[in-house]
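Here is a short note for a colleague who is opening this model for the first time. Please keep the structure in view while reading the points.

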Amino acid sequence: MAMASAMDLSPPTFFLSGTSTSSSSPSLRRLSSISVSGFRRHSYRKLQILCQATAGTEPQSGLSVSGSKLAARSGQDRLLKVSISNIRNFSIIAHIDHGKSTLADKLLQVTGTVQNRDMKEQFLDNMDLERERGITIKLQAARMRYVYEDTPYCLNLIDTPGHVDFSYEVSRSLAACEGALLVVDASQGVEAQTLANVYLALENNLEIIPVLNKIDLPGAEPEKVLREIEEVIGLDCSKAIFCSAKEGIGITEILDAIVQRIPAPLDTAGNPLRALIFDSYYDPYRGVIVYFRVIDGKVKKGDRIFFMASGKDYFADEVGVLSPNQIQVDELYAGEVGYIAASVRSVADARVGDTITHYSRKAESSLPGYEEATPMVFCGLFPVDADQFPDLRDALEKLQLNDAALKFEPETSSAMGFGFRCGFLGLLHMEIVQERLEREYNLNLITTAPSVVYRVNSVNGDTTLCSNPSRLPDPGQRKSVEEPYVKIELLTPKDYIGALMELAQERRGEFKEMKYIAENRASILYELPLAEMVGDFFDQLKSRTKGYASMEYSVIGYRESDLIKLDILINAEMVEPLSTIVHRDKAYSVGRALTQKLKELIPRQMFKVPIQACIGSKVIASEALSAIRKDVLAKCYGGDISRKKKLLKKQAAGKKRMKAIGRVDVPQEAFMAVLKLEREVL
């Protein structure tokens with residue numbers, strides 16, 4: 001902490017290349033005014049750090065030149081061992097787009113873990129998909145070394161996703177930590193996922209450090225957001241940290257707070273080995289690579305390890321830390337986070353949540369692991385080329401290793417052949433899995449319309465779960481159908497309350513409560529069917545509120561609804577892949593949209609083709625594809641009318657026979673277009 005000790009207590013002045021604040025950038029002038037009004041409680045230290053961040057810094061760095069050299073040297077020593085009391089395991093949690101990844105980048109840079117020449121934005125987001133969309137999909141771990149008051153500390157950071165669909169990643173990260181940085185955008189305030197992540201952290205008894213990010217923005221209102229955090233979440237914000245990850249302001253204070261306020265792991269290095277697997281992935285050359293947190297004991301390279309859930313044992317060929325790339329070490333002990341490569345070839349042998357122990361000195365009991373993720377949205381995944389079915393199965397198994405929330409089971413379809421029925425946590429999760437399968441495993445896939453799991457009560461007293469419309473029992477056999485309901489909380493500026501209430505009412509929502517969490521921000525609570533939310537609900541939410549609203553939902557159970565199965569008949573033959581389960585009130589509009597779309601997509605035949613939407617035997621919407629008609633009268637250039645009638649009668653008889661034995665092939669493009677339409681209208 002040479003930088004901190006060099007500070008004096010004289011009132012700060014702002015300089016940038018010899019100029020005062022009056023002639024510097026607008027953001028610095030903004031910061032100086034914020035500093036006077038909002039930072040008083042933090043004394044002069046915060047302002048002095050601000051001066052250091054603006055005077056004599058390297059480009060895009062929050063440290064002085066001498067400070068960055070010191071950090072670089074410290075970063076190179078990050079593999080050196082420290083005592084267990086000097087280890088800090090923490091996670092970064094926040095709503096999507098509040099600056100988690102930017103803050104993680106700056107922490108890596110300031111501690112010298114990543115050199116300036118190697119630095120790039122979203123450094124820990126190593127998937128192309130994450131960079132393209134600007135979101136974090138996978139949790140990532142990184143080991144840093146930080147010197148505080150001449151004492152070296154080992155900081156293990158786990159960066160987490162912010163979207164509600166990846167909350168399972170967040171919960172697994174928090175189970176491997178003792179503390180968390182709660183990052184809140186100073187211009188946006190508390191949002192839905194902020195609350196959800198705080199509650200997850202509190203369930204794990206973590207020390208939470210509030211951090212207000214993006215204080216350099218012109219629209220930042222740090223004092224107002226602090227009050228919001230205290231009122232809505234109930235956290236004590238007297239020691240909240242003001243920072244700007246982009247400008248490098250307040251980074252040193254965050255690192256100091258991690259050391260001071262987050263507790264060290266328990267010293268249990270002498271106990272039998274117990275390590276919790278929090279993530280894993282498949283490497284084609286080294287097999288399954290396991291990421292774990294050592295809870296008790298030690299593990300060395302060459303040890304014979306035992307996976308307690310699967311009952312398999314292997315030799316640890318490679319033990320190392322993530323800093324953020326994989327770096328081999330000889331030993332890891334209690335409190336440390338690292339990885340093991342043990343030539344595990346079967347993806348089922350090393351599952352997330354399993355406990356690793358020594359083969360010769362087994363632990364008495366395994367760690368609690370994780371609560372199993374419950375899929376909310378289901379869809380069918382089918383390969384375009386039927387020969388790719390084995391490849392799709394292998395790809396799903398390997399992807400499930402890396403994404404523990406993914407569930408799948410085999411399925412067959414008369415139209416699309418062999419495939420899998422897959423369960424996801426949400427629509428974004430579904431999109432990401434499909435993209436990863438296509439990119440990482442070179443597969444061409446067809447995705448059916450998303451659906452949810454319905455509970456069917458039969459007349460004989462049996463209860464079955466049904467996620468596929470083709471498996472729904474006949475109307476005479478079922479007593480009632482129940483669908484999952486969710487409790488959804490919408491956080492929105494007061495100007496958009498009406499638009500959101502209208503949206504929720506359209507989706508069969510039941511209004512429960514509305515309260516103002518701040519002067520101009522409201523929280524609206526609704527209960528609505530999950531099936532109404534898996535379509536374009538989130539897109540509509542964002543478009544109707546110009547992107548300002550956010551949402552958080554949780555499943556509250558099943559309720560009986562007036563649900564029916566809508567069948568599509570083409571030339572009096574049922575097309576099972578196009579069947580859907582819909583509410584009776586929406587059946588007509590959905591049936592009309594599907595029949596009209598199919599009329600456009602199916603090629604014309606030599607006979608008339610009726611396209612019908614039916615509930616049981618009742619037709620509720622119908623379109624007809626007119627026949628391609630040959631002009632049989634072209635050779636008649638006159639003569640008696642009876643000759644023409646005879647030719648037309650012969651043609652009609654042929655068409656009638658053709659219709660009786662003819663078969664309409666629905667092209668693949670039509671299926672894909674209709675499935676896309678189903679997502680829009682359901």
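1. **Terms and basis.** Two strands pair if DSSP finds at least two bridges between them. Helices (H or I, at least four residues) and strands (E, at least two) are DSSP runs, numbered from the N terminus. This is a predicted model: local features need pLDDT of at least 70, side-chain atom pairs count only at pLDDT 80 or more, and totals for chains, interfaces and linings use all residues. Residues are numbered from 1 along each chain as its sequence is written, and side-chain values use heavy atoms, with hydrogens and water left out.

2. **Overall picture.** The protein chain holds 18 helices and 31 strands. Of its 682 residues, 57% count as buried. Buried means under 20% relative accessible area, exposed over 50%, and partly exposed in between (1.4 Å probe, protein chains only). Contact means heavy atoms within 4.5 Å. Among contacts between residues at least 6 apart in sequence, 71% join residues at least 24 apart.

3. Six strands form an open sheet in the order 2-3-1-4-5-6, and the pairing is mixed. The edges are strand 2 (140-148) and strand 6 (241-242), each pairing on one side only. Inside the sheet, strand 1 (residues 87-94) and strand 3 (residues 151-159) run parallel, joined by 6 bridges. N89 has N156 of strand 3 as its bridge partner.

4. Helix 8 (residues 192-203) lies across strand 1, strand 4 (179-185) and strand 5 (207-213). Helix 8 runs at about 150 degrees to strand 1. Axes are lines fitted to C-alpha atoms, for helices over the stretch in contact, and angles run from 0 to 180 degrees between N-to-C directions.

5. **Two loop residues with positive phi.** D150 sits in the loop between strand 2 and strand 3. Its phi is near 65 degrees, a positive value in a residue other than glycine. D150 is exposed, at 72% relative accessible area. K214 is in the loop between strand 5 and helix 9 (222-233). K214 is not a glycine either, yet has a positive phi of about 60 degrees. With a relative accessible area of 22%, K214 is partly exposed.

6. **Strand 15 and its partners.** Strand 15 (residues 337-344) is mostly covered, with 7 of its 8 residues buried. V290 has I340 as its bridge partner in strand 15. Strand 12 (residues 318-322) also pairs with strand 15 in the antiparallel sense, over 3 bridges. Here G320 stands opposite Y339.

7. Four strands form an open sheet in the order 18-19-17-20, with antiparallel pairing. Strand 18 (407-413) and strand 20 (445-447) each have a single partner strand, so one side of each is left without a neighbour in the sheet. Neighbouring strands of this sheet are turned by 30 degrees against each other on average, direction ignored. Helix 11 lies across strands 17, 18, 19 and 20, at about 15 degrees to strand 19. Helix 12 (residues 427-440) lies across strands 17, 19 and 20, at about 165 degrees to strand 20.

8. Strand 17 (residues 377-383) and strand 19 (residues 417-424) run antiparallel, joined by 5 bridges. C379 stands opposite C422 in strand 19. A disulfide is a pair of cysteine sulfur atoms within 2.5 Å. A search of the whole structure finds 0 disulfides. C422 is buried, at 0% relative accessible area.

9. **Nonpolar cores.** A nonpolar core is a set of buried Ala, Val, Leu, Ile, Met, Phe, Trp, Tyr and Cys residues joined through side-chain atoms within 4.5 Å. The largest has 46 residues, and those with the most contacts inside it are L437, I488, L490, M533, F537 and M551. Helix 11 (residues 389-402) gives the largest share of this core, 5 residues. A second, separate core of 30 residues includes A104, L107, A142 and V211.
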